[in-house]
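I opened this entry to keep a record of what I looked up, item by item.

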Amino acid sequence: MNYKSWTAIAVLAAAPIAAFADADEDALVVNGEIEMITQAAAPDHLSDVMDEVYSGWRFRSDETQALQMDDFDNPAMIFVDQAMEKWDTAEGTAGKSCADCHGDAEESMAGVRVVYPKWNESAGEVRTLAMQINDCRENQMGAEKWKYTGGSMAAMEALISVQSRGMPVNVATNGPAQSTWEAGKELYYTRTGQLELSCANCHEDNYGNMIRADHLSQGQINGFPVYRLKNTKLNTAHARFKGCVRDTRAETYSPGSPEFIALELYVASRGNGLSVEAPSVRN
């Protein structure tokens, strides 16, 4: 990125510009039957900063929006099909497949995506969906872990997520998960890097405004994994976090790190009430 682009980001973050300047009001219905909630009342913990939350789909061009509205056009569905093959394939020393324990993905995984990340009582920690997938692979199948943001992981997250499309995100922020949520909130509002930007500077203070020929969204992650036209592949939330932190010219955290797990929990909770859209299509 050149100097002018970085300057534009810094100026945008500092300017007192009104938020939500230019999102459309189109309705997202996938395959003509799955109605998505793309606008909802803000969760209570956001009531002091915004009244409503919006899916990133509302900030995209008509052409990009259309790709997500039909599974035959959505390029991410190729990866869902690939993950379905892996779901039925036995791996590891236990000689088990995902299906051996969970049965049909459409039935057993419905509603799973809406509550992740979530507290895992037996492990005594907040777990993301990726963490749970690798736990199953390592401890139930005796198979090697997948790379946290790798293609196989992104595809399996997409397969599990697609079973919950249309269901509202409902991530818990209290109880034993609260301390992790608080850590994620602190990260969200902390300015980092040479540009001294926080997540909130772009996605809370300036969503709807134009930057580098594109609209800033609220940074909701209800659509992840996301197929990005920019790099023509599925992208996970932690890969996007890494890119955002890098763009502030800061030393970024690693995918799967405690910092990004906390940030994912907090950012997911900002989208409570919006539908799970994954795998979505974005620029």
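**Ground rules.** I am working from a predicted model, in which local features need pLDDT of at least 70, side-chain atom pairs count only at pLDDT 80 or more, and totals for chains, interfaces and linings use all residues. Residues are numbered from 1 along each chain as its sequence is written, and side-chain values use heavy atoms, with hydrogens and water left out.

**Cavity.** On a 1 Å grid over the protein atoms alone, a cavity is a set of points where a 1.4 Å probe fits but cannot get out; a pocket is an open set with protein on both sides within 12 Å along at least five of seven lines; lining residues have an atom within 4 Å of a point. Points are joined across faces, edges and corners, and the volume is the space filled by probe spheres set on them. I found 1 cavity of 30 Å³ or more. The largest cavity has a volume of about 170 Å³. Its lining has 16 residues, and R113, E157, F224, A237 and E264 are the closest to the centre. Helices α6 (129–141), α10 (237–247) and α11 (258–270) each supply at least two residues of this lining. I counted classes with Ala, Val, Leu, Ile, Met, Phe, Trp, Tyr, Cys and Pro as nonpolar, Asp, Glu, Lys and Arg as charged, and the others, Gly among them, as polar. The cavity lining comes to 10 nonpolar, 3 polar and 3 charged residues.

**Pocket.** The second largest pocket has a volume of about 290 Å³. I noted 18 lining residues, with H102, M109, Q132, C136 and I160 nearest the centre. Helix α6 gives the largest share of this lining, 7 residues. By class the pocket lining has 13 nonpolar, 4 polar and 1 charged residues.

**Helix α8.** Which residues of α8 are buried? With buried meaning under 20% relative accessible area, exposed over 50% and partly exposed in between (1.4 Å probe, protein chains only), I listed T180, W181, G184 and Y188. Seen down the axis of α8, these fall within an arc of 100° (taken from the directions from the helix axis to the C-beta atoms), so they line one face of the helix. The face turned away from the buried side carries exposed S179 and E186. The buried residues pack against β6 (125–127), α9 (199–203) and α11, contact being heavy atoms within 4.5 Å.

I also checked N201, which sits in α9 and is buried at a relative accessible area of 4%. Its C-alpha atom is 9.3 Å from that of Y188, 13 residues apart along the chain.

**Backbone.** Most residues other than glycine have a negative phi, and most peptide bonds are trans. I noted a cis bond joining Y116 and P117, with omega about 0°. Another cis bond joins A278 and P279, with omega about -5°.

N31 has a positive phi near 60° and is partly exposed at 32% relative accessible area. R249, in the loop between α10 and α11, has a positive phi of about 65°. R249 is partly exposed, at 37%.

Technical notes. Helices (H or I, at least four residues) and strands (E, at least two) are DSSP runs, numbered from the N terminus.
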